[in-house]
Amino acid sequence: MLRRVRLALGVLLLATIALFVSGGLSPATAADTTITGTLSTPGGEAVVGVLVTATDADGVLTSGTSDDKGVFVVPLPAGGTYLVEVDITTLPEGITLNNAEDASRSLLVLGGEKRLLIGLSEGGESGISEVESGTSERVIQLFLDGILYGLVIALGAVGMNLVFGTTGLTNFSQGELLSLGAFTALAINTAGVNIIIAAPIAIVFAAFVYGWGQNRILWRPLRRRKTGLIAAMIVSIGLAIFLRYTLVLFFGGAPSSYKQFAGQPGIEIGPFNTTPKALILGLLAVIALTATVTWLQRSRIGKATRAVSDNPALASATGIDVERVISVVWIVGAGLAAFAGIYLGLTQNTVWNMGQRILLVLFAAVILGGLGTIYGAIVGAMVVGIFVQLTTLVIPTEMKTVGALFLMILILMVRPQGLLGRKERVG
Amino acid sequence: MDFVQIFSLTITQAVGVTALIYLFAAIGLNVQFGYTGLLNFGQVAFVAAGAYAVGVIVLTFDLGLWLAVVVGVVVSTLLALLLGIPTLRLRADYLAIVTIAASELLRLLVRSIAFKDVFGGAQGLNGKLGQEFHDLNPLPADFTLPVLTWSRQDLWVVIVGWSLALLFTLLVWGLVRSPWGRVVKGIREDEDAVVSLGKNVFVYKMQALIIGGGIAAFGGILWAVAKQSVQPDTFQPDFTFFVYTILLLGGAARVFGPIAGTIIFWFLLAGFGELLSSLINNGYIEFLTPTDVGSIRFMLMGLGLMLLMIFRPQGIFGDRRELALDAR
Amino acid sequence: MPAKTDHMATGHAAAVEALRDVPQVPGAPKPDPVVIADHVSRQFGGLKAVDVAHVEIQRGAITALIGPNGAGKTTLFNLLTGFDKPDTGTWTFNDKSVAGTAPHRLARMGMVRTFQLTKALSRMSVIDNMLLGAHGQSGERVLNALVPFTWRGQERANRERAMVLLERFNLHEKIDDFAGSLSGGQRKLLEMARALMVGPEIVMLDEPMAGVNPALTQSLLGHIKNIREEGTTVLFVEHDMDMVHDISDWVIVMAQGQVIAEGPPDAVMKNPQVIEAYLGSRHGSALTDDGTSLTADSQGGNA
Ligand SMILES: Nc1ncnc2c1ncn2[C@@H]1O[C@H](COP(=O)(O)OP(=O)(O)O)[C@@H](O)[C@H]1O
Ligand SMILES: [Mg+2]
């Protein structure tokens with residue numbers, strides 16, 4: 001048994017490594033370590049005079065300003081973790097950051113020239129700066145943004161909840177399923193395949209390798225050993241840390257984007273500003289989620305999944321192959337999570353800790369809906385997505401996760417079983 | 001390759017300042033998780049509370065360090081109450097999620113632009129933080145150690161840090177062998193059973209959270225004083241998980257578990273890092289660069305946590321008798 | 001309400017004597033009730049797990065609470081001992097209203113329960129399990145904990161008391177073993193001994209005989225009788241009619257959340273409603289309709 005688990009871990013490691021070789025090892029140390037990038041409007045105009053700073057762990061600060069071609073270079077004394085900040089007050093009027101997180105982020109620079117992607121938009125689509133339009137329009141905009149965000153959360157949370165429902169595992173490495181999906185697509189994309197083709201390949205790969213494979217070589221043996229739920233939870237934390245830094249090792253610490261659709265200009269539909277890619281992805285997400293729900297309602301294995309979530313012992317007594325159901329749940333969950341990761345990669349960027357950053361939001365969604373309830377994840381995700389976006393009306397965008405976490409703590413105090421959950425037995 | 005130097009660097013890290021910070025967090029976590037069974041995933045918040053207390057009192061308000069130490073303990077107690085009141089009645093996994101969420105929530109708050117005046121935003125608080133403490137340094141100005149490579153200032157921190165750590169270990173030892181310790185161990189085993197015997201479980205859990213949090217806060221105070229810098233992004237959830245790794249390594253619910261775990265953890269981690277760096281720099285390993293060492297160290301840490309939990313949940317010194325009972 | 005009987009009289013004979021004139025109907029008033037519950041109900045989703053109009057437990061007697069699986073016995077225990085909150089209802093313990101009282105307070109007041117799934121504190125020694133039961137230990141206060149001389153004496157006294165109980169329950173040779181290393185039956189014994197360590201006025205035992213081998217069952221029954229002989233009230237849940245018959249002074253029957261019958265063991269076992277309730281549950285869903293009508297009947301009888 002001991003040998004099997006060890007072997008299993010080895011295989012998982014190798015599978016991951018084999019996959020990422022196409023992503024290329026990080027470049028050897030160059031003479032100078034710098035953070036660099038180009039700032040331009042969606043229309044391609046250079047954005048001049050923007051201050052970018054990097055602060056190291058000891059508080060030593062270096063900086064660079066974008067030149068007439070929009071290029072900035074921040075020289076660094078050495079590799080390490082830096083706090084990289086864009087001084088938003090130096091942005092020209094009407095120009096905002098695509099992602100509020102870009103204003104301040106922690107960046108692992110391993111050496112050499114680290115390219116930093118900072119997406120800018122015109123007219124303040126979802127950036128930090130105040131949107132000039134009236135409050136009611138802003139509310140509509142944020143509401144629709146919230147729906148799109150909620151869809152991403154739902155894609156990521158469904159698998160987490162299905163796994164919890166069928167096995168009881170609170171999976172702290174769910175976020176890494178998103179990252180792995182996104183980076184697998186990135187690896188295929190970097191090898192020259194258009195992201196439209198790379199994405200489905202990555203999703204299928206993720207479903208079977210990261211989902212089915214992970215369950216097969218790690219979680220199933222642990223269930224056989226009767227590892228406790230809390231122990232399993234801590235194992236999932238170890239796995240998350242391991243996977244995260246595996247991504248750093250192979251892809252480096254800086255964010256990157258897919259080759260296509262990176263700087264897509266925004267469009268306006270009525271009062272709503274967005275990008276075509278976000279709309280198409282949102283539509284695909286709705287289709288994927290509807291398909292999942294329909295599958296759970298109608299198909300035999302879907303019904304079996306619900307039966308196992310209700311009562312595993314009873315389900316197994318009535319002849320349902322519980323292990324098979326769990327395998328399917330991992331496949332579906334990992335596939336959806338990979339989609340969520342690629343979604344994030346396309347609309348923002350791919351970065352090694354993207355999964356970690358969304359994990360707590362996933363928990364918030366799942367807890368809101370009720371841990372283990374099948375539809376709870378989707379309902380909870382939409383609520384969290386919309387709530388988080390709407391809170392930016394009153395709190396700074398950089399703190400929007402605070403709203404989600406606060407909501408989650410509140411729900412746990414008032415109704416620990418979640419909106420759709422049931423109370424557990426006492427005594 | 002210079003093995004003496006590798007060894008010296010390794011030992012220096014294994015019992016050095018950073019190790020001490022983790023040690024304080026681990027002693028506290030041992031009270032909470034090891035003895036009481038509280039799955040506190042927000043331990044880093046207590047460390048941050050200690051560190052920020054020093055940063056804010058000394059730099060923002062320009063008051064004394066000793067006041068800051070008192071404030072640190074008070075703030076960590078308040079934090080324990082704030083965290084504990086809503087969560088201590090929850091199931092173990094909910095408690096875990098809420099505590100990790102709360103620790104992130106606090107980190108996001110202190111790093112936000114809105115409170116930049118007080119907490120220094122994303123860059124945190126940097127400057128002369130422990131002057132009163134360093135002024136007390138009795139070591140002669142040109143003091144150096146053989147083998148170990150601490151500066152005079154770090155050595156002073158290390159001496160005081162280890163004395164305090166031993167004191168806290170003694171405190172924990174006293175607590176867990178008393179009837180109080182018996183109650184909290186009972187809570188770890190089965191909360192309902194302890195309630196049925198007439199104990200107010202909530203109060204005991206809260207006491208454990210406060211004591212454990214207070215000890216961890218000293219890790220934060222030490223951090224601020226030794227590194228003269230308090231930065232929000234160093235207080236990420238991973239810190240807590242490394243503390244768990246340390247505790248599980250040395251053995252949860254063992255009085256000397258945190259100390260053993262910390263030394264072994266940092267010895268292995270630093271030793272591996274130094275060895276690998278040196279192998280790479282000397283051209284023995286060509287497919288890696290020196291900058292990869294950091295990621296590989298973290299990967300091993302994650303892997304180590306997994307393997308420990310799977311194969312030796314009772315720690316590397318734990319006895320089989322206990323393992324056989326571990327039906328969790 | 002009938003006049004209270006002499007408090008001094010304890011034991012089987014006294015209990016039987018006291019209960020002789022109690023009418024054999026659900027919710028019957030007792031001469032000296034220690035617990036009185038009214039309109040206690042608890043709903044789980046669509047299911048009314050407990051819906052007890054009125055019930056009284058006689059002091060100093062062994063009362064058996066029986067009923068098919070899912071009848072709501074454990075849930076009623078949870079409610080009465082404060083481990084679960086009812087949707088409606090009030091109940092008194094020693095004439096004091098205790099609805100909404102925290103479970104640990106009820107335990108301190110003298111209402112102590114055990115659990116259907118044994119809760120031995122596995123990674124603690126048998127003696128530590130016992131010592132946890134003792135009341136008012138000053139060493140359990142966090143500040144005193146660090147000053148051993150403030151609690152050493154008390155600890156010694158408690159230890160002696162624990163040893164006496166352990167000897168009675170035949171566990172005295174295991175005092176330093178982990179509780180988790182005991183057999184299933186020994187754990188049941190330990191749990192019972194631990195409950196007695198609290199010094200209860202009423203012990204509520206949830207299926208104390210479940211999973212205990214026949215050899216131990218007899219000694220367990222003996223222990224339960226002893227508890228009563230010492231004046232402690234016992235309320236216990238059991239499925240096995242023979243055992244109930246053997247030791248109980250009074251039997252309360254629950255089905256589908258309600259009390260459907262009460263009486264001395266002999267009478268209850270001949271009660272057609274009781275037999276039907278048991279058969280109905282054994283034959284599963286086919287008889288659910290009958291079960292429902294049975295509930296309706298008994299409600300009529302209650303009124
Ligand atoms: N926490 C709970 N959630 C949902 N249903 C419950 C819960 N606790 C008990 N029940 C249901 O209430 C009914 C009574 O259960 P219980 O009191 O355990 O019965 P008994 O102890 O008589 O066998 C059963 O149908 C059981 O399934
Ligand atoms: Mg029961």
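## Two helices in chain B

In H8(B), the residues Gln153(B), Val157(B), Gly161(B), Leu164(B), Phe168(B), Leu171(B), Val172(B) and Leu175(B) meet Ile211(B), Ile215(B), Phe218(B), Leu222(B) and Ala226(B) of H11(B) (contact means heavy atoms within 4.5 Å; helices, H or I with at least four residues, and strands, E with at least two, are DSSP runs numbered from the N terminus). Sorted by type, that contact has eleven nonpolar, two polar and no charged residues (Ala, Val, Leu, Ile, Met, Phe, Trp, Tyr, Cys and Pro are nonpolar; Asp, Glu, Lys and Arg are charged; the others, Gly among them, are polar).

H8 spans residues 152-176 and H11 residues 201-227 of chain B; they pack at about 175°, with axes 11 Å apart (axes are lines fitted to C-alpha atoms over the stretch in contact, with angles from 0 to 180 degrees between N-to-C directions). H8(B) and H11(B) are therefore roughly antiparallel (the cut-off is over 145 degrees).

## What you're looking at

This is a predicted model, where local features need pLDDT of at least 70 and side-chain atom pairs pLDDT 80 or more, while totals for chains, interfaces and linings use all residues. Residues count from 1 along each chain as written, chains are lettered from A and ligands numbered from 1 in written order, and side-chain values use heavy atoms, leaving out hydrogens and water.

## Where A meets B

Chain A puts 64 residues into this contact and chain B 54. About 5000 Å² is buried between them, 75% of it from carbon and sulfur atoms (buried area is the accessible area, 1.4 Å probe, lost on putting two parts together, summed over both).

Across this interface there's one salt bridge (a Lys or Arg side-chain nitrogen within 4 Å of an Asp or Glu carboxyl oxygen). Asp238(B) pairs with Arg244(A), with the closest N and O atoms 2.6 Å apart. On chain A's side, H5(A) gives the most, 15 residues. That side divides into 40 nonpolar, 16 polar and eight charged residues.

Over all chains, the salt bridges come to 23. One of them joins Lys199(B) to Glu140(C), at 3.2 Å between the closest N and O atoms. Lys199(B) sits in the loop between H10 and H11 of chain B, and Glu140(C) in the loop between H4 and H5 of chain C, so the pair joins two chains.

Note on methods
Angles under 35 degrees count as roughly parallel, over 145 as roughly antiparallel, 65 to 115 as roughly perpendicular and the rest as oblique.
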